[in-house]
Amino acid sequence: MLIKKADDIRSSEITPKDLYLNRRKFLAGAAVAGAAAVTGIGVKELLTPSSLYAGEKIQGLQKSSFSTDEKYTPYQYVTHYNNYYEFSTEKEEPADMAKNFRTRPWTVTIDGAVKKKQKLDIDQILKFAAPEERVYRHRCVEGWSIVVPWIGFSLNELIKRAEPLGKAKFVEFTTIYDVSQMPGQRRQVLQWPYVEGLRMDEAMHPLALLCFGMYGEVLPNQNGAPLRLVIPWKYGFKSIKGIVKVHFTESQPMTTWNLANPPDFGFYSNVNPNVETYHSQATERRLGEFNKRPTLMFNGYDQVAGLYSGMDLKKYY
């Protein structure tokens, strides 16, 4: 086999992205057709139209009224500077380390205090509602922020289908635990698997997004494929990636970062410039920009302020 060096490859020999993705589709389709021939199962039972690869365009997007009109953070920054400790604690490494992460097959278990306990295939979930593009500000606790056109639908679409019981006060989310694919889980930098939680009224708020894409495409693996949360009024670590379980409970969940460092990572984790943790939260810097800007209460999403009426937001941070 002749292996060319990068300098020897003409631009005309580089496979365009859309052709490469179509080839992947073709090969996947051929493999499924072969499996169907061997097993006698119909092709439609093995492959659904919504089984998408990372980077593919998402069709039929609706624009959301929840969107900010702020300038997007460049795609390259958002996809190559990632907090994803399951792969690495270094922000520049997950993009490469997650490139072969398998997002199919994938199921999400719904259990706890609900009428309809179930295990859903990811492609069933993607059909719950028409995909919306929502341009959200996203604030990270280290002092940087991004503006991203996320794609998904309100988390409450999933919750309503589970039919929570009256005693369900919180929703707990768990990410996948797979040390064969996620080398960061071989190190006890955090308690695995990663767990996050929301109060029920927070989870039901229409701003809480069940997300499967961004920038018009299916989520890249390093950004949480195939399914993650985006909670725009909270710090980024509340937006759990790679979700495999949604559990409804009467009691407040013990979340991963709260277990790791209770003084600095409270359960609510609302963006609050008046609460200092291990450094000031008063200012932030957008990825790709030099100048800092003031941090806004609730990250500027005043629509959620009523959820915390009467609460001491320095105590319940």
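Contact here means heavy atoms within 4.5 Å. The legends below describe a predicted model.

**Figure 1. Overview of the predicted chain.** The chain has 317 residues, and buried residues make up 50% of them. Its secondary structure consists of eight helices and 13 strands. Among contacts between residues at least 6 apart in sequence, 72% join residues at least 24 apart. The accessible surface of the chain is about 15900 Å², and carbon and sulfur atoms account for 54% of this area.

Figure 2. Strand S13 spans residues 293-294 and includes Pro294. Pro294 has a relative accessible area of 62%, and the cut-off for an exposed residue is over 50%, so Pro294 counts as exposed. Leaving aside residues up to four places away in sequence, Pro294 touches Ala282, Thr283 and Glu284. Ala282 is 12 residues from Pro294 along the chain, and the C-alpha atoms of the two are separated by 6.1 Å.

**Figure 3. Close-up of the salt bridges at Glu284.** Glu284, one of the residues touched by Pro294, forms a salt bridge with Arg139, with 3.2 Å between the closest N and O atoms. Arg139 belongs to strand S4 (residues 132-139) and Glu284 to strand S12 (residues 283-286), so this pair ties together parts that are 145 residues apart in sequence. Glu284 also forms a salt bridge with Arg286, where the closest N and O atoms are 3.9 Å apart. Arg139 and Glu284 are buried, and Arg286 is buried as well.

**Figure 4. Close-up of the salt bridge between Glu163 and Lys116.** A search of the whole structure finds 18 salt bridges. In one of them, the side chains of Glu163 and Lys116 meet at 3.1 Å, N to O. Glu163 is in the loop between helix H6 (156-162) and strand S6 (170-175), while Lys116 is in the loop between strand S2 (107-112) and strand S3 (118-121), so the pair ties together parts that are 47 residues apart in sequence. Glu163 is partly exposed, at 29% relative accessibility. Lys116 is also partly exposed, with a relative accessible area of 42%.

**Figure 5. Close-up of the largest cavity.** One cavity of 30 Å³ or more is found in a search of the whole structure. The volume of the largest cavity is about 100 Å³. Its lining comprises 13 residues, and the closest to its centre are Tyr235, Asp264, Asn270, Thr277 and Tyr317. By class, the lining of the largest cavity has six nonpolar residues, six polar and one charged.

**Figure 6. Close-up of the second largest pocket.** The second largest pocket holds about 480 Å³ of space. It is lined by 28 residues, and Asn83, Tyr84, Gly236, Phe237 and Lys241 lie nearest its centre. Strand S5 (residues 144-154) gives the most to this lining, with three residues. The lining of the second largest pocket divides into 16 nonpolar, seven polar and five charged residues.

Methods. Residues numbered from 1 in each chain as written. Predicted model: local features only at pLDDT ≥ 70, side-chain atom pairs only at ≥ 80, totals over all residues. Heavy atoms only, no water. 1 Å grid on protein atoms, 1.4 Å probe; cavity = no way out; pocket = protein on both sides within 12 Å on 5 of 7 lines; lining within 4 Å. Points joined across faces, edges and corners; volume = space filled by probe spheres on them. Nonpolar A, V, L, I, M, F, W, Y, C, P; charged D, E, K, R; others polar. Helix = DSSP H or I, 4+ residues; strand = E, 2+ residues; numbered from the N terminus. Buried < 20%, exposed > 50% of the residue type's maximum accessible area, 1.4 Å probe, protein only. Areas by Shrake-Rupley, 256 points an atom, 1.4 Å probe, with all protein chains shown as cover. Salt bridge = Lys/Arg side-chain N within 4 Å of Asp/Glu carboxyl O.
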